[in-house]
Amino acid sequence: MAPDQTSIHWFRQDLRTADNPALMSAASSGRVIPVYISEDLTPDEFKIGSASKVWLHHSLDSLNNTLDGHLRCFRGNPETILEKLCKKYHVKHITWNRAYDPWRIEQDTKLKAKLHSYGIKVQSFNGNLLWEPWETLKADGSPYRVFTPFYKNGCLNANAPRTPLSPPEICFHDQKVEPNNLDNLGLLDNKSWEDDLKSEWSVGEDEASAKLKQFLSEGINSYKDGRNFPAQQSVSGLSPHLHWGEISINTVWHATKEQLKQRPELSENANHFLSELGWREFSYSLLYHFPSLPTKNLNPRFEKFPWVKDQVGLRAWKSGRTGVPIVDAGMRQLWKTGYMHNRLRMIVGSFLVKNLRIHWHHGQAWFWDTLFDADLANNSAGWQWIAGCGADAAPYFRIFNPVTQGLKFDPDGSFIRQYVPELEKVPVKYIFDPWNAPQDVLATSGVVLGENYPHPIVDLKVSREKALEAFATLKA
Ligand SMILES: Cc1cc2nc3c(=O)[nH]c(=O)nc-3n(C[C@H](O)[C@H](O)[C@H](O)COP(=O)(O)OP(=O)(O)OC[C@H]3O[C@@H](n4cnc5c(N)ncnc54)[C@H](O)[C@@H]3O)c2cc1C
């Protein structure tokens, strides 16, 4: 391609300039028109969630600053928009990084063919995964359904992931766009998420890099065990940045490897962290090879599971008012910060699908709407795992006991106290199960069950037994 040509780089989930192979290709081909399109083709149930919209707005704003005000934002059908731009600016080259949502793959394939038929060269790249899902297959060519061999054979024995690319020098096609260009996307219609984002998060490529740096000097030192304790600062908090591609997974992988080289004593913690990045790869591999992952049980036996329709229970779960403190703390962390610690995602998930026997789709949908890191592959795989119906899932009979989980992973109750202030004064002995506390203890703690904190909405022992009975019906 002649270096004086103009290329469009279509940003999607790669809102960064560093280690962006598709942007690099566009920049090295001549002038660049950087574009973002808010699409109207996504199926209804997976339209962007309320929290994600707000993150996306700020992430695009930050990217636009990095691109010196040249990012053009559009709303509508990508085919129509790209075709118009190509005509207007005589563009013969479009680049993008691949995405793996099933409808997106279908749409990209059609779009590529269409654009080719107009004489436009389209180049797509891997900017989102360490290994493409079609590279991590078993010896017989079938996809892995179990994590450990996937990671050991499919990932660790594969070629090392690409070394990260530096940000390219970009020569832009024309002048800056109007400052209100981004507002046209209408992403900021939900004020409360805007406030939460500002108080809890910093968005954008620079912030993502700073967070990685901080994690590699602090959190990683105790990651392997510390990652289970929600009150500790042992996890990276990188998930929304990774979801939106503000930092590349290759950058995270190689920076961790480098840290490990310099500080071999980190081995256990760093390798554990790398394996969690492996879980992300596994979820994407599942989504690619089993495109019904977001909608259908991977284990078809679960089609017959007797789920319960319980609007009251679902509402209590969403609003963090189940009367089970560790569950309520997790759900309130989600509502307040747009994030939930992984240990809590497992605890609240198990409570919803096992103690309440409410279909995992309801949990998946709530997470989709409220998480800043809502990610089709990770969210769907996470819910199928917790419900017991997914690939390599937690067996259905392993039902998390939220009281013992609290005792083990929030031993001094500080996480509960942070998010459930009604229980602030309850002694640690009763903070995980206040319904067992003597009346005088509750009274001196200022708690009146049923008034300022709910009675538990289910009996944990009875609901566990009912879940096991329901599971037994699948074996028949
Ligand atoms: C029911 C359920 C729903 C989930 N929904 C999502 C979701 O929508 N988006 C999302 O990014 N993660 C999801 N996860 C996975 C996990 O909880 C989050 O990735 C993690 O808590 C993010 O925090 P962190 O970045 O500090 O993680 P760290 O522990 O620092 O891990 C680093 C990165 O590794 C990846 N990772 C870690 N754990 C997992 C995992 N179990 N599965 C896949 N990738 C993982 C993430 O990209 C994460 O950012 C879900 C898990 C469950 C059980």
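The structure is a predicted model, in which local features need pLDDT of at least 70 and side-chain atom pairs count only at pLDDT 80 or more, while totals for chains, interfaces and linings use all residues. Residues are numbered from 1 along each chain as its sequence is written.

**Two loop residues with positive phi**

- Aspartate 68 is placed in the loop between helix 2 and strand 3, helices (H or I, at least four residues) and strands (E, at least two) being DSSP runs numbered from the N terminus.
- The phi of aspartate 68 is near 55°, a positive value in a residue other than glycine.
- Histidine 90, in the loop between helix 3 (78–89) and strand 4, likewise has a positive phi, near 55°, and it counts as exposed because it has 8 C-beta neighbours inside 10 Å.
- As background, most residues other than glycine have a negative phi.

**Strands and crossovers**

- Six of the seven residues of strand 1 (residues 5–11) are buried, so this strand is largely enclosed by the rest of the structure.
- Strand 1 pairs in the parallel sense with strand 2 (residues 30–39) over seven bridges, pairing requiring that DSSP finds at least two bridges between two strands; tryptophan 10 has valine 35 of strand 2 as its bridge partner.
- Strand 1 also pairs in the parallel sense with strand 4 (residues 93–97), over three bridges, and here isoleucine 8 has isoleucine 94 of strand 4 as its bridge partner.
- Strand 1, helix 1 (residues 21–27) and strand 2 form a right-handed β-α-β unit, right-handed meaning that, with the strands pointing away from the viewer, the path from the first strand over the helix to the second runs clockwise.

**Tyrosine 36**

- Tyrosine 36 is placed in strand 2 and counts as buried because it has 22 C-beta neighbours inside 10 Å.
- Leaving aside neighbours within four places in sequence, tyrosine 36 is in contact with Phe11, Leu60, Leu71 and Cys73, contact meaning that the two C-beta atoms, placed from the backbone, lie within 7 Å.

**Surroundings of the ligand**

- The ligand is surrounded by 27 residues, of which the closest are Val235, Ser236, Ser239, Asn379 and Gly382; a residue is near a molecule if its C-beta atom, placed from the backbone, lies within 6 Å of it.
- Helix 9 (239–243), helix 11 (267–289), helix 14 (342–355) and helix 16 (376–387) each supply at least two residues of this shell.

**The chain as a whole**

- The protein chain has 21 helices and six strands.
- The radius of gyration of the protein chain, 24 Å, is close to the 23 Å that the globule rule gives for 476 residues, so the chain is as compact as a globular protein of that length; the radius is taken over C-alpha atoms, and the rule is 2.2 Å times the number of residues to the power 0.38.
- Buried residues make up 45% of the 476 residues in the protein chain.

Conventions
A residue is buried if 20 or more other C-beta atoms lie within 10 Å of its own, exposed if 12 or fewer, and partly exposed in between; C-beta atoms are placed from the backbone.
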